[in-house]
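Hi everyone, thanks for coming.

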Amino acid sequence: MPPLTSAPVLETSRLILRGPERSDLPSFTRFATSAPSMVAQGETMSAEQAWFGFMIGVGHWQWNGFGFFTLVDRDADAPVGRVGLLKHSNWPEIELAWHLYECAEGKGFATEAGMAVKDWARDALGLEQLESYIDRQNTRSQAVAKRLGAVTDGTPAAHEPEAEVWVHVMGG
């Protein structure tokens with residue numbers, strides 16, 4: 001099966017970060033429709049909406065040259081989440097975002113993958129700053145942002161008022 005995107009493959013000690021593949025859709029759909037983290041944030045969606053979300057992710061790579069990487073746990077050889085860069089039409093900046101599937105939470109995968117994506121964004125794309133838009137109640141994602149070196153002054157995201165802007169300044 002040909003690749004769906006031109007995403008590069010990034011590797012860390014425990015993860016392979018690659019572009020989305022057709023075989024990733026069931027894992028993403030389970031996450032989007034029923035993951036406890038999605039339920040807690042009131043962000044679950046139907047299977048049809050998950051399909052559209054997955055396809056938007058593929059299109060993101062085509063349109064912007066970046067998007068979500070699928071995280072594959074080297075030990076389990078299975079998708080465990082998504083980490084990547086987003087720039088929707090009404091967003092002021094490029095966002096570094098992460099979604100871990102239930103089996104992968106609390107293992108440091110988001111931080112490990114986030115660092116790899118930040119390095120790639122700086123080295124391959126020449127980006128000097130990224131933002132993360134994190135719900136004020138989402139303390140777990142806030143902790144990841146802190147571990148990734150991001151800071152916030154509490155400014156609400158213009159496109160998502162319940163979220164704060166976290167700024168990642170890229171080192172050289």
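One term before we start: when I say two residues touch, I mean that they have heavy atoms within 4.5 Å of each other. And please keep in mind that this is a predicted model.

Let's begin with Leu130. Leaving out residues up to four places away in sequence, Leu130 touches Leu85, Ile94, Leu96, Lys118, Ala121, Trp166, Val167, His168 and Met170. Leu130 is also one of the residues that touch the most other members of the largest nonpolar core, which has 31 residues. Others in that group include Phe69, Trp98 and Val117. Which elements give two or more residues to this core? They are strands S2, S3, S4, S5 and S6, plus helices H4 and H5. H4 gives the most, with 7 residues. Apart from this core lies another one, of 8 residues, among them Phe68 and Ala163.

Now to strand S6, residues 129-135. Because 5 of its 7 residues are buried, S6 is largely enclosed by the rest of the structure.

Last stop, helix H3, residues 47-64. Its 18 residues should span 26 Å at 1.5 Å a residue, and the end C-alpha atoms are 25 Å apart, so the two agree. The buried residues here are Ala50, Phe54, Gly57, Val58, His60 and Trp61. What covers them? Helix H1, S3, S4 and H4 are among the elements that do. After H3 comes Gly65, with a positive phi near 80°.

Definitions and conventions:
Residues are numbered from 1 along each chain as its sequence is written. This is a predicted model: local features need pLDDT of at least 70, side-chain atom pairs count only at pLDDT 80 or more; totals for chains, interfaces and linings use all residues. Side-chain values use heavy atoms; hydrogens and water are left out. Buried means under 20% relative accessible area, exposed over 50%, partly exposed in between (1.4 Å probe, protein chains only). Helices (H or I, at least four residues) and strands (E, at least two) are DSSP runs, numbered from the N terminus. A nonpolar core is a set of buried Ala, Val, Leu, Ile, Met, Phe, Trp, Tyr and Cys residues joined through side-chain atoms within 4.5 Å. The expected span of a helix is 1.5 Å times one less than its number of residues.
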